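Keep the sequence and the 3D view open side by side. Read one paragraph, then find its residues in the view.

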Amino acid sequence: MAIEEKKAELLREAFSRFNETSLDLEKYYRLLQEQVAQLKSELEAKNRALEESLQQREALREQAERNHRLAAVGEMSARMAHELRNPLGSIELFSSLLKKRVADPSLRQYADHISAAVGAMDYALSNLLLFTRTPAPFFRKTDLRRMIEEARLFALPLIRQNRIGWIESIETLSDPVRCDEDLLRQILLNLILNAVEAMPQGGELRVTVAPQERDGPSGSDRGAVMPNDGVKITISDTGDGIPPEILPKIFDPFFTTKSRGTGLGLAIVHHAVTALGGTIQVQSEINRGSTFTLTLPPRLDLTEPIE
């Protein structure tokens with residue numbers, strides 16, 4: 001009987017140890033599962049990071065190739081623009097002489113058409129040159145009213161052709177605006193022509209000039225320097241508006257939704273505005289039109305050049 005009890009005791013002891021060992025194994029198994037899950041999570045995160053890194057590397061490679069092609073195209077374009085400007089100057093000169101010497105109004109009108117075509121080609125060449133260069137602004141006191149009037153006169157044939165109403169509001173500023181006139185001219189011309197092209201069936205083009213508020217406007221800032229004070233120029237149209245999905249791309253070079261055009265106009269605007277230390281914003285609503293807001297810093301730190 002004692003032997004049987006001893007065997008039973010040994011069995012209970014063995015069963016108890018077996019249970020303890022099973023619990024320990026279960027515990028270690030759960031720990032291993034947790035470690036495997038953690039390692040799997042870390043591996044997945046590293047795979048994602050590696051994939052992102054490879055995508056960024058590919059994007060940088062494509063960007064580098066694109067920049068290289070753009071640089072080559074830009075160099076060639078700049079040379080062609082210089083070559084074309086000389087004959088254009090001659091054409092403009094002879095057109096002016098014709099207008100002075102021809103008495104017949106209908107013939108003088110032909111000369112006007114030649115001058116307008118030369119002006120359009122010169123505008124296109126100026127855009128091209130500005131795009132291919134890094135502009136170095138030459139700041140001086142600028143008469144905004146005069147520059148806006150010059151831009152209006154340049155676009156006047158298209159404004160009349162599209163039956164567009166011109167509305168202008170220019171406030172008198174307390175401080176003079178110091179700006180690079182060549183850059184500002186390209187900005188105004190491109191924004192006004194862009195507004196005109198947005199209204200082929202007519203509409204209203206509104207140009208306003210006012211002091212810049214210190215808090216600055218809200219909207220899609222492109223990241224240039226935000227001035228604390230200065231001048232704000234807005235150019236609005238009542239065209240079809242810009243779809244929200246393409247709004248972030250409109251300042252990209254060669255981006256266009258038009259069947260005709262280079263897609264450089266708004267890219268040049270952003271390029272020039274950044275060079276002037278200003279900002280350019282756009283707000284648009286489908287079937288209501290678009291408003292481009294240009295802000296320029298006062299640059300009171302600059303002195304007038306000696307002439």
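This is a predicted model: local features need pLDDT of at least 70, side-chain atom pairs count only at pLDDT 80 or more; totals for chains, interfaces and linings use all residues.

Residues are numbered from 1 along each chain as its sequence is written, and side-chain values use heavy atoms, with hydrogens and water left out.

Start with the chain. Its secondary structure comes to 5 helices and 7 strands. Helices (H or I, at least four residues) and strands (E, at least two) are DSSP runs, numbered from the N terminus. Read from the N terminus, the order is α-α-β-α-β-β-α-β-β-α-β-β. The chain has 307 residues, and 30% of them count as buried. Buried means under 20% relative accessible area, exposed means over 50%, and partly exposed lies in between (1.4 Å probe, protein chains only). Contact means heavy atoms within 4.5 Å. Among contacts with a separation of 6 or more, 78% link residues 24 or more positions apart.

Now the strands. Two strands pair if DSSP finds at least two bridges between them. Strand E2 (residues 164–170) runs parallel to strand E4 (residues 203–211), with 7 bridges joining them. Here Ile164 stands opposite Gly203. E4 also pairs with E5, in the antiparallel sense, over 6 bridges. Ala210 has Lys232 in E5 as its bridge partner. On to the next pair: E5 and strand E7 (residues 289–296) run antiparallel, joined by 6 bridges. Val231 faces Leu296 of E7 in this pairing. How enclosed is E5 by the rest of the structure? Largely, because 5 of its 6 residues are buried. In a regular strand the side chains alternate between the two faces of the sheet.

Next, follow the chain past E5. Asp237 sits in the loop between strand E5 (231–236) and helix H5 (265–275). Is Asp237 buried or exposed? It is buried, because its relative accessible area is 6%. A polar atom of the Asp237 side chain lies 2.9 Å from the backbone nitrogen of Gly239. That is a polar contact: a pair of N or O atoms within 3.5 Å, where within protein one must be able to donate a hydrogen and the other to accept it, and residues adjacent in sequence count only if both atoms are side-chain atoms. Setting aside neighbours within four places in sequence, Asp237 touches Ala195, Ala198, Met199, Glu204, Arg288, Gly289 and Ser290.

Asn162 counts as buried because its relative accessibility is 11%. Its side chain reaches the backbone oxygen of Val196 at 3.2 Å. Beyond neighbours within four places in sequence, the contacts of Asn162 are Val196, Met199, Pro200, Gln201 and Gly202.

Turn to helix H5. Its buried residues are Leu266, Ala267, Ile268, Val269, His270, Ala272 and Val273. They pack against H2, H4, strand E6 (279–285) and E7. After H5 comes Gly277, with a positive phi near 80 degrees.

Leu98 lies in helix H1 (residues 2–101). Leu98 counts as partly exposed because its relative accessibility is 44%. Leu98 and Arg108 are 10 residues apart in sequence and 7.2 Å apart in space, C-alpha to C-alpha.

Finish at the second largest pocket. Its volume is about 300 Å³. Of its 13 lining residues, the closest to the centre are Leu130, Arg133, Asp180, Asp182 and Leu183. On a 1 Å grid over the protein atoms alone, a pocket is an open set of points where a 1.4 Å probe fits, with protein on both sides within 12 Å along at least five of seven lines; lining residues have an atom within 4 Å of a point. Grid points are joined across faces, edges and corners, and a volume is the space filled by probe spheres set on the points. Helix H2 (105–132) and helix H4 (181–197) each supply at least two lining residues. H4 gives the largest share, 4 residues.
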